[in-house]
Amino acid sequence: MSENPDLTNERASGTFETNAMAAVIYGSEKFAQRRREITEAISKIPEFQDSHPLVFMSREEKISEACRKLAVLSNYWNSLIDTSDEEEALHLYREVLGLEGHPLALHETMFIPSLIAQASDEQQEKWLGRAQRREIIGCYAQTEMGHGTNLRALETTATFDISTREFILNSPTITSLKWWPGALGKSANWSIVIANLIIKEHNYGPHPFMVQLRDEKSHEPLPGITVGDIGPKMAFNGADNGFLGFKNYRIPRENMLMRHSKVTSDGSYIKPPHAKIGYSSMVKVRSRMAMDQGLFLASALVIAVRYSAVRRQGYLEDKSREVKVLDYQTQQHRLFPSIARAYAFIFCGFETIRLYDQLLIDVQNGNTSGMADLHALTSGLKSVVTYQTGEGIEQARMACGGHGYSMASYISEIYGVAIGGCTYEGENMVMLLQLARYLVKSIEMIQNGKSRELGPMVAYLAENESEIDLNLGPNEYLKVFEYAARNQTWRATEKFQKLRNSGMSNEEAWNQASVELTRASRLHTRLYIMSTFINHVGSIVDQKVKGVLIDLLNVHVTYEVMDIGIYVQGLLSSNQMDLIRNQLYVSLETIRPNAVSLVDSFQISDMQLRSVLGRRDGNVYENLFKWAKSSPLNKTDVLPSVTQYLKPMMEKSKL
Ligand SMILES: CCCCCCCC/C=C\CCCCCCC/C=C/C(=O)SCCNC(=O)CCNC(=O)[C@H](O)C(C)(C)COP(=O)(O)OP(=O)(O)OC[C@H]1O[C@@H](n2cnc3c(N)ncnc32)[C@H](O)[C@@H]1OP(=O)(O)O
Ligand SMILES: Cc1cc2nc3c(=O)[nH]c(=O)nc-3n(C[C@H](O)[C@H](O)[C@H](O)COP(=O)(O)OP(=O)(O)OC[C@H]3O[C@@H](n4cnc5c(N)ncnc54)[C@H](O)[C@@H]3O)c2cc1C
């Protein structure tokens, strides 16, 4: 079937090459090209296609389908990608497995990275190759039923038995059961388990241990291990998140991951170079989240924008033909700022992934000085990005009207998976408060005359306000954001200090200032996102691409400043606010002809999107009907439930 002419026309009105834009989105022409090649190669392998639509499958079927594809994938792995390239691997996973989770997701994202960051050279020699070759499947078991946030209160223990030189693992209570780890329930046979290290009755706090859970031949749980699946979730049901308990389960001393902290055979403890070095796997995932969430948001927008270009409803001036809903200003206001955010998040994601990779090298060389900065940055970024992604996806769903609510759109599944990011890798409020600690410390440095020691990301906190001339472009909007973030950070810090100075305990003062503190963290992070977007656009060489991205940046800066209006009342007059509002409306119109090309540029395949509404060819209606007919409910005209219950009920009512 040929392409829907409405989409053909939209594509013809684009002013730039989508391949050139993809090269900017994905950081290089080479990688953008590799993504296309991988997608093309996969499309030719029939076993990678869903055996039937995932949305009609039960959990068991979804997990089985994911395992089937992983088994097929193992035959093609080396021929499809450069296995040493994490981004290629991720693209392959996304294309073949989609986003509903699978038994290797945590193996790749946390188990292997933990071995790389936490295992000594000898331990890597023993386990890393096996993990990378997928001879074993691992997971990351930290969260317990009773505690996920407050890691110092974890209850699982690993007690060193000096006589046998083993650790004895125990789960002393119900609440100490590990609860949530992905792939733990049914798939993983090994795990990195975070447990309190106890030597001679002294608790040294949470440490990582390499623990075999299941027999490598029979896959049966080993004696002393209780393990299973925690049941269905809001989404992500292709993953078997699990529970895990230990009863006097012994592992050799050499199974504590000992790159940083160490326990010698006589039970001596050697401290790590930084107290929080064991938290690196979390920082690794957080550093990826802006990218991954940006892609979730992008997926929803591809669906909503393409659909809005083929959906016609109502009239504007021309009464001879109904208008594409994408031409309504409200629809543009609903979708275009999110397109800008998706681009910005991906740009930030590349930046934080690079920063993590650099930090990993620094830490391996004994330099831990960058840990606090990256922890603060990624804590704020994961919180803001996951929240705004959730908002953007939900708006995309509503922008598709009734069909958006159908699973045929697939947006609800994208939403369910993405929104989990507000919780996993540190609940958002908690992580905003982690960043707030860093911001408060920065203010205290300024108060103590140490402004010069501030890092580049917080230097603006020490600056004075300057006049704003909004006609001068994005950098002036950045100043507006700096003003808002600086003002709020000072106000929140002063509130905290005032409460503390009034005699309140540090903890209570912090609690009573915490809403204001989280607001400061959000503004600081949004400033970082805007500034990264501006810098990125500034570095683009292709002039056509750059021109469109400047238009998109204008949508971003005007929308973001309008969105934080309450924080800039002291800086901007109502005339200036009106000016910004009008600039936003103009920029929505400017971007309109490029809307479809901007989402096409994400180059997310139909196979990955799984959306009838978001099909690249735009042939929505005939495929919607086909999809509905394939619903299991339509296998028969008369359901057994009708024969069994409704018919007798109706018959009885006739009497
Ligand atoms: C490659 C192929 C991939 C295939 C992918 C396939 C795609 C699949 C499809 C979809 C993707 C979906 C994937 C889903 C994956 C989900 C995985 C989820 C995993 C998890 O959730 S793991 C568990 C995560 N848990 C947490 O994040 C816990 C949160 N809590 C904490 O981090 C901490 O407890 C704390 C930071 C909140 C507090 O810690 P603590 O009490 O110890 O510390 P404080 O006293 O508060 O602070 C002390 C001091 O330490 C500093 N600090 C804290 N953390 C760090 C750190 N990490 N680095 C540096 N410094 C740190 C803190 O700032 C304080 O400093 P100051 O005293 O203020 O100076
Ligand atoms: C999809 C998914 C996958 C996951 N995968 C894994 C995994 O692979 N491995 C793993 O170990 N874990 C995993 N988790 C667990 C996850 O990391 C935790 O659920 C998360 O860290 C939040 O902790 P919690 O559940 O204890 O929340 P809680 O801390 O109980 O949060 C409840 C509320 O209390 C508030 N709160 C808590 N502490 C504070 C505070 N100090 N200040 C202010 N407010 C506070 C929170 O903001 C929140 O509103 C996963 C979770 C999900 C949803």
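This is a predicted model: local features need pLDDT of at least 70, side-chain atom pairs count only at pLDDT 80 or more; totals for chains, interfaces and linings use all residues.
Residues are numbered from 1 along each chain as its sequence is written, and chains are lettered from A and ligands numbered from 1 in the order in which they are written.

Helices (H or I, at least four residues) and strands (E, at least two) are DSSP runs, numbered from the N terminus. The annotation "domain: Acyl-CoA oxidase C-terminal", likewise from an unreviewed UniProt entry, covers residues 474-651, and the span 474-651 is 74% helix and 0% strand, its end C-alpha atoms lying 71 Å apart.

Helix α17 (residues 543-563) packs against helix α14 (residues 474-501) at an angle of about 25°, with the axes 10 Å apart, where axes are lines fitted to C-alpha atoms, for helices over the stretch in contact, and angles run from 0 to 180 degrees between N-to-C directions. The helices α14 and α17 are therefore roughly parallel to each other; angles under 35 degrees count as roughly parallel, over 145 as roughly antiparallel, 65 to 115 as roughly perpendicular and the rest as oblique. Pro-474, Tyr-477 and Val-480 of α14 meet Leu-553, Val-557 and Val-561 of α17, a contact being scored where C-beta atoms, placed from the backbone, lie within 7 Å. By class, the contact of α14 with α17 comprises six nonpolar, no polar and no charged residues (nonpolar: Ala, Val, Leu, Ile, Met, Phe, Trp, Tyr, Cys and Pro; charged: Asp, Glu, Lys and Arg; polar: the others, Gly among them).

Helix α17 also packs with helix α9 (residues 329-364), at an angle of about 105° and with the axes 9 Å apart, and α9 and α17 are therefore roughly perpendicular to each other. The α9 side of this contact consists of Phe-336, Pro-337, Ile-339, Ala-340, Tyr-343 and Ala-344, and the α17 side of Leu-552, Val-555, His-556 and Tyr-559. The residues of the contact of α9 with α17 divide into nine nonpolar, one polar and no charged.

Among individual residues, His-219 has a phi near 65°, a positive value in a residue other than glycine, and is found in the loop between β6 (202-212) and β7 (225-229). With 12 C-beta neighbours inside 10 Å, His-219 counts as exposed, the classes being buried for 20 or more other C-beta atoms within 10 Å, exposed for 12 or fewer, and partly exposed in between. Phe-236, which is not a glycine, has a positive phi of about 65°; Phe-236 is placed in the loop between β7 and β8 (242-246) and is buried, with 22 other C-beta atoms within 10 Å.

Thr-378, in helix α10 (residues 371-399), counts as buried with 27 C-beta neighbours inside 10 Å. Not counting residues up to four places away in sequence, Thr-378 touches Val-283, Arg-286, Ser-287 and Thr-352. Met-258, in the loop between β9 (249-252) and β10 (262-263), counts as buried with 21 C-beta neighbours inside 10 Å, and, leaving aside neighbours within four places in sequence, Met-258 is in contact with Ser-120 and Gln-123.

Conventions
Two residues are in contact if their C-beta atoms, placed from the backbone, lie within 7 Å. UniProt positions are given in the numbering used here, feature names are shortened, and annotations may be inferred rather than shown by experiment.
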